[in-house]
Amino acid sequence: MYKSSTHQRGQSPISVTTISVIGAGIAGAWQALLFAQAGRNVTLHERSDAAMTQSTSHWAGGMLAPYCEAEGSEPVIVRLGLRSLKLWREYFPETPFNGSLVVAHARDRTDFERFARLTSGYRRLDAPAIAEIEPSLEGRFREGLFYADEGHVEPRKILPELHARIRAAGGQIEFNSEAEPDDIDGTVIDCRGLAARDTQSELRGVKGELILIETDEVELSRPVRLIHPRFPLYVIPRGDHRFMLGATTIETENTGVSVRSALELLGAAYAVHPAFGEARILEFGSGLRPAYPDNLPRIAVNNEKIAVNGLYRHGFLLAPALAELTLGYVERGTIDNEVMQCA
Ligand SMILES: Cc1cc2nc3c(=O)[nH]c(=O)nc-3n(C[C@H](O)[C@H](O)[C@H](O)COP(=O)(O)OP(=O)(O)OC[C@H]3O[C@@H](n4cnc5c(N)ncnc54)[C@H](O)[C@@H]3O)c2cc1C
């Protein structure tokens with residue numbers, strides 16, 4: 001297995017105590033939190049209001065699933081994802097770590113076995129074992145893969161919690177405050193997501209669509225992924241009888257939900273449980289995932305300007321580990337060669 005390498009610059013390259021972070025999505029919020037807790041004087045600028053509807057993070061599933069993501073991702077995603085799981089547990093011990101369940105219908109058996117081959121960290125469940133952990137799924141699937149160590153967060157709840165924690169640690173948050181890295185003196189951590197394209201032209205947006213539904217006829221305790229020949233579809237329980245159906249991965253920057261995607265997402269829910277057919281649709285939505293051409297995250301350091309971006313499908317999974325790496329660089333000059341680029 002590929003091992004990452006780190007090296008020390010020998011001394012802390014940035015000794016100032018004041019840090020400005022731009023963008024209060026999941027990337028910027030974790031950066032601001034770790035720097036504020038480390039005793040730095042942090043100001044977090046966010047162009048939208050506290051509802052955060054302009055961020056991609058607002059639309060995300062919030063799955064913390066490094067084992068499942070190994071199916072279609074580079075080893076670095078798994079490495080940073082596993083580190084992030086530890087940080088989520090440490091900083092937010094109330095995060096539900098109920099695992100994830102992967103199921104497939106008999107016709108998709110080949111894809112199910114392929115998923116099993118490409119991932120680790122699961123145990124196989126037969127039908128009674130599935131019914132034991134998810135009683136609503138009794139009799140629905142003959143086999144499942146249970147990734148017991150995975151977790152999930154609800155983006156629209158965890159972002160305000162993160163913001164509150166930043167303030168509690170002494171950081172300031174300025175909403176409705178549009179800022180550009182070059183207009184701020186001192187150390188700036190640029191977490192503007194797709195809006196950072198003015199300085200990082202390689203960034204592109206990859207659309208993800210979702211549907212929020214409500215029913216009290218199905219109960220789930222964890223995300224359920226349905227193996228699908230074209231893209232992973234999942235149902236995430238949101239509490240209050242609500243479920244998020246997600247998510248497409250489409251190379252376009254058009255926003256909105258297409259009829260085809262709506263059919264696929266609703267069809268997947270119905271395939272997980274026919275009672276979803278009676279659910280009420282609450283919301284259709286989409287977000288643009290910020291991605292570099294290799295779909296890998298990057299911390300780009302140019303003197304005191306640091307850009308953290310390209311979190312693509314893994315913002316919630318990777319943000320804590322990326323914040324820890326940035327802090328390690330600023331405090332000790334540690335460079336992770338797999339993720340960091342220094343000008
Ligand atoms: C449908 C969908 C499902 C997903 N599911 C998952 C999942 O289950 N697990 C997972 O880990 N990831 C998931 N993702 C991916 C995840 O949402 C992204 O990787 C993540 O949100 C990117 O976070 P970010 O902080 O880099 O960008 P953003 O969330 O977009 O935050 C950037 C912020 O910067 C602000 N900003 C921009 N310009 C300025 C400026 N000039 N001044 C001040 N503020 C500015 C914006 O308003 C925004 O709030 C999903 C994405 C989608 C679309």
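**Entry 1: a residue in a loop**

I began with Asp240, which I found in the loop between strand S13 (233–239) and S14. I kept in mind from the start that the structure is a predicted model. Asp240 is not a glycine, and yet its phi is positive, at about 55°. I noted beside this that most residues other than glycine have a negative phi, and that most peptide bonds are trans. Is Asp240 buried or exposed? Its relative accessibility is 59%, and because exposed means over 50%, Asp240 counts as exposed.

**Entry 2: another positive phi, and a cis bond**

I then looked up Asn295, whose place is in the loop between S15 and S16. Asn295 is a residue other than glycine, and its phi has a positive value near 60°. The relative accessibility of Asn295 is 22%, so I wrote Asn295 down as partly exposed.

Which two residues does a cis peptide bond join? I found that the bond is between Gly246 and Ala247, with omega at about -25°. Ala247 belongs to the loop between strand S14 (242–246) and helix H7 (259–272).

With a relative accessibility of 4%, Ser261 counts as buried. I checked its separation from Thr248 as well: Ser261 and Thr248 are 13 residues apart in sequence, while in space they are 7.1 Å apart from C-alpha to C-alpha.

**Entry 3: helix H1**

I turned next to helix H1, which covers residues 26–37 and so has twelve residues. From its first C-alpha to its last, H1 reaches 17 Å, and I noted that this is close to the 16 Å expected at 1.5 Å a residue. Why can I call H1 largely enclosed by the rest of the structure? I can do so because eleven of its twelve residues are buried. Just after H1 comes Gly39, which takes a positive phi of about 95°.

**Entry 4: the nonpolar core**

I looked up which residues touch the most other members of the largest nonpolar core, which has 54 residues, and they are Trp30, Trp88 and Ile299. The elements that give two or more residues to this core include H1, strand S2 (18–22), strand S3 (41–45), helix H3 (75–91) and helix H6 (155–168). Strand S16 (298–302), strand S17 (305–309) and H8 are also among these elements. Which element gives the most to this core? I found that H8 does, with eleven residues.

**Entry 5: the surroundings of the ligand**

How many residues surround the ligand? I recorded 39, of which the closest are Glu46, Ser57, Met63, Ala179 and Tyr312. I then followed some backbone atoms in this shell. A backbone N or O atom of Met63 lies 2.8 Å from an oxygen atom of the ligand, and a backbone N or O atom of Ala179 lies 2.8 Å from a nitrogen atom of the ligand. For Gly315 I noted a polar backbone atom that is 3.0 Å from an oxygen atom of the ligand. On its own the ligand has 1,000 Å² of accessible area, and the protein covers 98% of that area.

I sorted the residues of the shell by kind, and they divide into 17 nonpolar, 15 polar and seven charged. At least two residues of the shell come from each of H1, strand S11 (204–214), strand S15 (280–291) and helix H8 (315–332). H8 supplies the largest share, which is three residues.

Asp336 is found in strand S18, which is made of residues 334–336. Is Asp336 buried or exposed? With a relative accessible area of 2%, Asp336 is buried, and a polar contact of 3.1 Å joins its side chain to that of Arg79.

The place of Gln200 is in the loop between strand S10 (187–190) and S11. Gln200 has a relative accessible area of 12%, and because buried means under 20%, I counted Gln200 as buried. Its side chain is joined to the side chain of Tyr292 by a polar contact of 2.2 Å.

Conventions: Residues are numbered from 1 along each chain as its sequence is written. This is a predicted model: local features need pLDDT of at least 70, side-chain atom pairs count only at pLDDT 80 or more; totals for chains, interfaces and linings use all residues. Side-chain values use heavy atoms; hydrogens and water are left out. Helices (H or I, at least four residues) and strands (E, at least two) are DSSP runs, numbered from the N terminus. The expected span of a helix is 1.5 Å times one less than its number of residues. Buried means under 20% relative accessible area, exposed over 50%, partly exposed in between (1.4 Å probe, protein chains only). A residue is near a molecule or strand if one of its heavy atoms lies within 4 Å of it. A polar contact is a pair of N or O atoms within 3.5 Å; within protein, one must be able to donate a hydrogen and the other to accept it, and residues adjacent in sequence count only if both atoms are side-chain atoms. Accessible areas come from the Shrake-Rupley method with a 1.4 Å probe; for residues, only the protein chains shown count as cover. Ala, Val, Leu, Ile, Met, Phe, Trp, Tyr, Cys and Pro count as nonpolar, Asp, Glu, Lys and Arg as charged, and the others, Gly among them, as polar. A nonpolar core is a set of buried Ala, Val, Leu, Ile, Met, Phe, Trp, Tyr and Cys residues joined through side-chain atoms within 4.5 Å.
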